[in-house]
Amino acid sequence: MSDQAIRLAGLCKAFGRNQVLRGVDLDLSGGQVTVLMGANGAGKSTLVKILCGVHAADSGSVTLAGQPFKPETPSEALRAGIVTVHQNINDGVVPDLDVASNLLLDGLASGGGVFLNGRKMRARAREIAAAVGLTIDVSRPVAGLSLADRQLVSIARAMAHQPRLLILDEPTSSLSAAEASRLFDLIDSLRARGVAILYISHRMSDIRRLADRIVSMRDGRISGVFEGPELDYSGAVRAMLGHEITEVDITIPQPGLPVLEVRDLVLRPGARPFSLTCHANEVVAITGLVGAGKSEFAAVLFGTGEAVSGEVRLDGKPHRPASPRAAIDAGVFLSPKDRPVNAVVADFDILRNLTLPFLRRHSTAQFVRGASELATTRRMISEMGVVCQSPTDGIGTLSGGNQQKVMVARWMAEASRLLLLDEPFQGVDIQARRDIGHKIRETAATRATIVFVAELDEALEIADRVLVMSEHSIVGEHRNENIDVSAIMAQVVDASLPSAAGQ
Amino acid sequence: MQSGSLNAIDLAIKYGFLALMVGLIAYFGVMAEGFLSPHSAVFILQSVAITGILALGVTATLVVGGFDLSIGAVATSSLMLSAYAMVVWQLDAASAVALCLAMGLLVGLVNGILIVKMKVPDLLATLGMMFLLVGLQRIPTEGRSISTGMSLPDGTTASGVFSEGFLMLGRHRLDFILPNLVPLSVVFLVLIAIGVWVFLELTRHGRLMYAIGSNAKAAGLAGANVNGYKIAAYMISGTLASFGGVLLAARLGRGDVASGNNLLLDSVAAALIGFAVLGASKPNAFGTAIGALFVGILLQGLTMMNAPYYTQDFIKGGVLVIALVFTFALSGRGGRARG
């Protein structure tokens, strides 16, 4: 194995107008675990997809052991020794086949011969399994294995290719502590064998256990590389989240009466209870790393999830919606994160997307009144500054930023008591981000507003008050006035350290 | 739909199928004598009335992103049930029809619950229901057809009759332009087609059903009762299928175990052909009605030109494939993920 197993230079990639990678330079050496950190949309997954042959880079080069490397398909990358274990464990295995077939699947797909020799296959499979310390009956179907064993199967399958580079994308996200520690032992032994490992994770406990080096990514660039005997974990998180404050002036208005009161809420077993109050005419941002519990909190308020214990009151009355419909009827609206999956109805035009939650108000005796819908849509298009030709343009013809404006407009078309916006700036260009943020603040007077964002910048751009969430609990509160960014950073990072150290 | 950007492909997508249908009518009009007469037109309508009604039901399930393979079996079960109710139980027409519609509604409800609550994939759940019903409808008569005077398993003889009122549903003809021209079943088809179209296109429930078919998660987060609407779609499908079965029984005048074999394929074909009409690329009531009509015209024309009966399925299949190409390949949008 050469010392520089793989070298990336000046990698750029854009999807339409959305520049995802803006020149990534990175060396990955054999026998080293490099942890890659980055917020949503920083470009981690695009980088991985270029390495494993799913996407081609627009410019820049990848060199593998001194040779230029441009895989056109995932199987080509695999043959060259670049092996990826995806976050979703079931992407890596075929549940209906037995372990042996799974382990030899790549050979089956590309190899010669027609008939299978069961005994030979099982013997070969046992060898492969033993190499990663997997001691199970290889004739068992994968569907009957635990998640951790399935993951070992997909790693074992990967190892059969003599990898130069092993990419693990959030591999511990669904493992127990014992299972994770077994995975870490395996990673240690691969490292000792000289494999370069790129490990994508936000879990501090994983990072402390494994990292030889931490690379932070932000906005499509490498924003920090940390190595040496003492790794600077806080520095790495800071580099990942960034702290340049954009030139947005927030004038904090006088908050009104309390709208949302949360008392001793426990989001999941073992999490610390927390309390908070949101007032009318107030925009609160809840920030924290991916997986800190922001979306779970939003789910409790919107009727798609349940808290373990605690009390939520809306305008003084208990608020425990059983469904989104119940939440909406109570005046709690949620613009969900991950727009294409949770919000956009791809077959519909702008108008039909926009009026979806409030069709009842646009209907007489169950019949939809087109004129009423059109008037609302026209009003929202002009208020939000959606760039389109007409309200009947297909939603898919709009840019990401304009789609997001429509999704936010969907919930601003009617008055709410509490407006929740989960990652409203996801996949949105800077101008649309400003427009949406501006509109949220401008209309905030009559309701309470909570914005859930992983990026601290976005929180500082929009909020009167910034709450920090970590380990499914609120760990800090800051008024957005002469704010001490490093204090917030410390809470974002350090709060996750003690419990991590405890594992 | 901007007028400025209509090019040849857009035109082909939008009007291609209607043009094909007009061409077909013109061709048969020239080639087959008597094809362009009112009686021929009515014959076509009558032949498509029952499949059209079933196809409109399937359309409702396609709209929510589902599929109902049990409609053919629901229709034949309803055919047998109505015959059994009148011939063996000696019920009157209204009770027999009500019983059949209730049966269709119940089957739809069970389908919906299997799919929504038990998480059985739609194709499998309705396929299972299809087998179940095909078997069930034969048990009471030990596999025999039902007609007045048949002997029952317990040794008695069935003495009930199909009432006049019931038979009218399938056989009565209204005066329209010519005396005794339009069969009642065609009137039902037109009314149901209009009803389903109005429901899907003009009411908020139809809108929400389309939203569920396109992105169920987003529709749910916008407050739609996703499970409720899915179950409702299967109930609409089951009820319409059972009504189709009633019309078939009324036309045949007996509970014939062998009829209705083609109902499923014909009505599914009509609904899928409907995707291509006016470039909709999605299930829609108008397209479904046109699709059913198209198949009817084709078969009637071929019959009048003395094409052998056994070529009919082949030609139907060909038309379906062409329609699917119109929908998915030409529109370039990929249409919906599944038909």
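# Reading burial, ring pairs and strands

Colleague: Is F243(B) buried or exposed, and how do I read that?

Modeller: The relative accessible area of F243(B) is 14%, which is under 20%, so F243(B) counts as buried. Bear in mind that this is a predicted model.

Colleague: What about F188(B): buried or partly exposed?

Modeller: F188(B) has a relative accessible area of 21%. That value lies between 20% and 50%, so F188(B) is partly exposed.

Colleague: Why is the pair of F188(B) and F243(B) edge-to-face?

Modeller: Look at the angle between the planes. For F188(B) and F243(B) it is 90 degrees, which is over 60, so the pair is edge-to-face; the ring centres are 5.2 Å apart. This pair also links distant parts of the chain, with F188(B) in helix 7 (residues 184-202) of chain B and F243(B) in helix 10 (residues 226-252) of chain B, 55 residues apart.

Colleague: Which residues form one aromatic cluster?

Modeller: In chain A, F302(A), F333(A), F358(A) and W411(A) do.

Colleague: Where does K282(B) lie?

Modeller: K282(B) is placed over the face of Y210(B), 4.6 Å from the ring centre.

Colleague: Now strands. How do the side chains of a regular strand alternate, and what are the faces?

Modeller: Along a regular strand, side chains alternate between the two faces of the sheet. In strand 21 of chain A, R465(A), L467(A) and M469(A) are on one side, with V466(A), V468(A) and S470(A) on the other, and both faces are covered.

Colleague: Why is strand 21 of chain A largely enclosed?

Modeller: Six of its six residues (465-470) are buried, so the rest of the structure largely encloses strand 21 of chain A.

Colleague: In which sense does strand 21 of chain A pair with strand 13 of chain A, and in which sense with strand 22 of chain A?

Modeller: With strand 13 (residues 282-287) of chain A the sense is parallel, over four bridges; T287(A) has V468(A) as its bridge partner. With strand 22 (residues 473-479) of chain A the sense is antiparallel, over six bridges, and S470(A) stands opposite S473(A). Two residues lie between the strands of this hairpin, where E471(A) takes a positive phi near 50 degrees.

How values were computed
Residues numbered from 1 in each chain as written. Chains lettered and ligands numbered in written order. Predicted model: local features only at pLDDT ≥ 70, side-chain atom pairs only at ≥ 80, totals over all residues. Heavy atoms only, no water. Buried < 20%, exposed > 50% of the residue type's maximum accessible area, 1.4 Å probe, protein only. Pairing = 2+ DSSP bridges. Phe/Tyr/Trp six-rings, centres within 6.5 Å; stacked < 30°, edge-to-face > 60°. Lys NZ or Arg CZ within 6 Å of the ring centre and 35° of its normal.
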